[in-house]
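Got your viewer open and ready? Let's walk through this one stop at a time, selecting as we go.

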Amino acid sequence: MRLTVRERKKAAAIVAPRYQKARKKDKGFILDEFTKLTGYDRRYASYVLRTHGKKIRINARTVFVSDVRKRKTRKKERIYDDTVAVALTKVWETMDYICGKRLAPILKELIPRLVRFGEIRLTQGAKDKLMKISPATIDRILASERKRYKIRGRANTKPGTLLKSQIPIRTFSQWDDKRPGFVEIDLVGHDGGDGSGDFIQTLDVTDVATGWTETQAVKNKAQQWVFEAIKDIRDRLPFPLLGIDSDNGGEFINNHLFRYCREEKITFTRTRSYRKNDNCFVEQKNYSVVRRAVGYGRHNTPEEQAILNDLYKELRLFTNFFQPSMKLIKKTREGSKVTKKYDKPMTPYRRMLASKDVSDSDKAKLKTLCRNLNPAALKRKITKHQQRLLRLSAMKQPTRKRSAA
């Protein structure tokens, strides 16, 4: 078992007096023991033991005594000053508090855009520093501002046995689509921990190749509302819908969707029962997009559904154009150690532009739309809708308490 740095320094302070008083022959044995104990190189170990307690006289009144237990603080000029830290914090808040690995690659595109829209004011020096800042430095500067909340939800999927034999199973390992258009779909329930009665559901549709995500709030899990929402989302997608993969819930495994996919030449597959990882792409977005924006409260009124859909109109632009994500490209296991390798963080918009399967006309439409988007303005609109939703939920609280009593 290796010693910590503090334990090594304590050991050196104890051994040093004995080493300094020992004869030359005995010093070799002491060094052998000390290097085995601390793992130090023999020459460095000799230096540490030799210099500990050494006195250096500066003048008649001043004497320096060397102490291996003391640590000299290295003074280094600060590169990223308060001006950079304040600007970085504002950008980080605008980008919905993402980590440094995701934030750093988009800063070169984001900083000029925010400056152009007058959201931040920077000197040329501060701008240059932000354009080349590393992910580790971002996380270090923002460490005091970062707060994490971990809340677990609950699943509300009820199996739909109808048509299961006619819809093929597709697992996570089989999803290797490089072409945009093959999507995973799922529902996120806004029950607030109370699964009784009807409550609003969010249909989450995520493209496997690019991570492009569309969401829409529906009244409940009825097949009619879910089917209409799927058709609405299909009209908004910036690419042709080629395939749908869902879980085994009855809201998806039904004649309406099965017949529609067959008539429209859309591949329709389903996951294995009780295997959430088969639908991992959309499951991830259930939290990173829906839960982070809406939370875990109970929403069950038409007014709340309207607010949710207003929020999702802004959220789709903010998420798809300005939220980079990393895709797992390789995973290796050596014993108990798992090593994962990810690609470079990119927004779904950038992945769309990089895809050879997206037409030039679709790319031109996306570029035109992106040109006039202000991420800070989108974030303010999203926050406004979130506050409206919270106020409406708070107004329902007294009614629920009286009814419970």
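Start by selecting Gly211: in the hairpin of E4 and E5, which has five residues between the strands, Gly211 takes a positive phi near 80 degrees. Before you move on, keep in mind that this is a predicted model, where local features need pLDDT of at least 70, side-chain atom pairs count only at pLDDT 80 or more, and totals for chains, interfaces and linings use all residues. Residues are numbered from 1 along each chain as its sequence is written, and side-chain values use heavy atoms, leaving out hydrogens and water.

Now colour the two strands. E4 (residues 201–207) and E5 run antiparallel, joined by six bridges. Strands here are DSSP E runs of at least two residues, helices are H or I runs of at least four, and both are numbered from the N terminus; two strands pair if DSSP finds at least two bridges between them.

Next, select 213–218, which is E5. Six of its six residues are buried, so this strand is largely enclosed by the rest of the structure. Buried means under 20% relative accessible area, with exposed over 50% and partly exposed in between (1.4 Å probe, protein chains only). Thr213, Thr215 and Ala217 point one way, while Glu214, Gln216 and Val218 point the other. In a regular strand the side chains alternate between the two faces of the sheet.

Hop across to Leu203, whose bridge partner in E5 is Gln216. Leaving aside residues up to four places away in sequence, Leu203 touches several others, including Ile185, Val226, Ile233 and Phe252 (contact is heavy atoms within 4.5 Å).

Leu203 is also among the residues with the most contacts inside the largest nonpolar core, which has 72 residues. Such a core is a set of buried Ala, Val, Leu, Ile, Met, Phe, Trp, Tyr and Cys residues joined through side-chain atoms within 4.5 Å. Helix H12 (residues 302–322) supplies the largest share of this core, nine residues. Apart from it lies another core of 13 residues, among them Ala11, Ala12, Leu31 and Val48.

Now go to H1, residues 5–21. Its buried residues, Ala11 and Ala12 among them, pack against helix H2 (24–38) and helix H3 (42–51). Centre on Val15: H1 bends there by about 35 degrees, and Pro17 follows within four residues. The bend is the angle between axes fitted to the seven residues ending there and the seven starting there.

Last stop, the cysteines. How many disulfides does a search of the whole structure find? Zero, taking a disulfide as a pair of cysteine sulfur atoms within 2.5 Å. Select Cys370 to see a residue that counts as buried at 2% relative accessibility; Cys280 counts as buried at 17%.

Note on methods. The expected span of a helix is 1.5 Å times one less than its number of residues.
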